[in-house]
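Here's a quick briefing for anyone opening this structure for the first time. Have a look at it below, then read on.

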Amino acid sequence: MQQKNPQGIKRVIKATRYSYQGLCAALKHEAAFREEAILACVLIPLAVWLDVTQLERMLMIGTVLLVMVVELLNSAVEAVVDRIGSEQHELAGRAKDMGSAAVFVAMAICGYVWVEALFI
């Protein structure tokens, strides 16, 4: 008897494939995510190279990745809102604005951590 939901390693493999597809879709369709990915390719090695404490390094890398995570979630919200319809609706606009605000807050946290680690 075939199970409907895979378990164990099969589930992990499927979940990994879906995650990979999501990253590929974000890189293909989301300019902001591409820009943040390029920035991460610069900032993460820079954080490894800089003479900072291990905690500072972890925070610097973690906040860069946080920005990317929030951007992925924002892109998902925007895709769902756009899928529902193209007409203007207050709640749709609010959802998109809040997603954008979340990205802004993540970027502010990232900027603060990097400034503190490098200059203070």
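Let's start with Phe 104, which counts as exposed because its relative accessibility is 60% (exposed is over 50% relative accessible area, buried is under 20%, and partly exposed is in between, using a 1.4 Å probe and protein chains only). Keep in mind that this is a predicted model, where local features need pLDDT of at least 70, side-chain atom pairs count only at pLDDT 80 or more, and totals for chains, interfaces and linings use all residues. Residues are numbered from 1 along each chain as its sequence is written, and side-chain values use heavy atoms, with hydrogens and water left out.

**The nonpolar patch**
- Phe 104 sits in helix 4 (helices are DSSP runs of H or I with at least four residues, numbered from the N terminus).
- Together with Leu 66, Val 105 and Ile 109, Phe 104 makes a nonpolar surface patch of about 370 Å² (patch residues have over 30% relative accessible area and no salt bridge, and nonpolar side chains are joined within 5 Å).
- Helix 4, residues 90-119, gives the most to this patch, with three residues.

**Another exposed residue**
- Leu 91 is also in helix 4, and it's exposed, with a relative accessible area of 51%.
- Between the C-alpha atoms of Leu 91 and Val 81 there are 9.4 Å, though the two residues are 10 apart along the chain.

**Salt bridges**
- Side chains of opposite charge can pair when their charged atoms come close.
- Searching the whole structure turns up two salt bridges (a side-chain nitrogen of Lys or Arg within 4 Å of a carboxyl oxygen of Asp or Glu).
- One joins Asp 82 and Lys 96, with 2.5 Å between the closest N and O atoms; this pair links distant parts of the chain, 14 residues apart, with Asp 82 in helix 3 and Lys 96 in helix 4.
- Asp 82 is partly exposed at 46%, and Lys 96 is partly exposed at 26%.
- Arg 94 and Glu 90 form a salt bridge too, their closest N and O atoms being 2.7 Å apart.
- Both Arg 94 and Glu 90 lie in helix 4, four residues apart, or about one turn of the helix.
- Arg 94 counts as partly exposed at 37% relative accessibility, while Glu 90 counts as exposed at 60%.

Terms used. Patch = residues over 30% accessible without salt bridge, like charges linked within 9 Å, V, L, I, M, F, W, Y side chains within 5 Å. Areas by Shrake-Rupley, 256 points an atom, 1.4 Å probe, with all protein chains shown as cover. Helix = DSSP H or I, 4+ residues; strand = E, 2+ residues; numbered from the N terminus.
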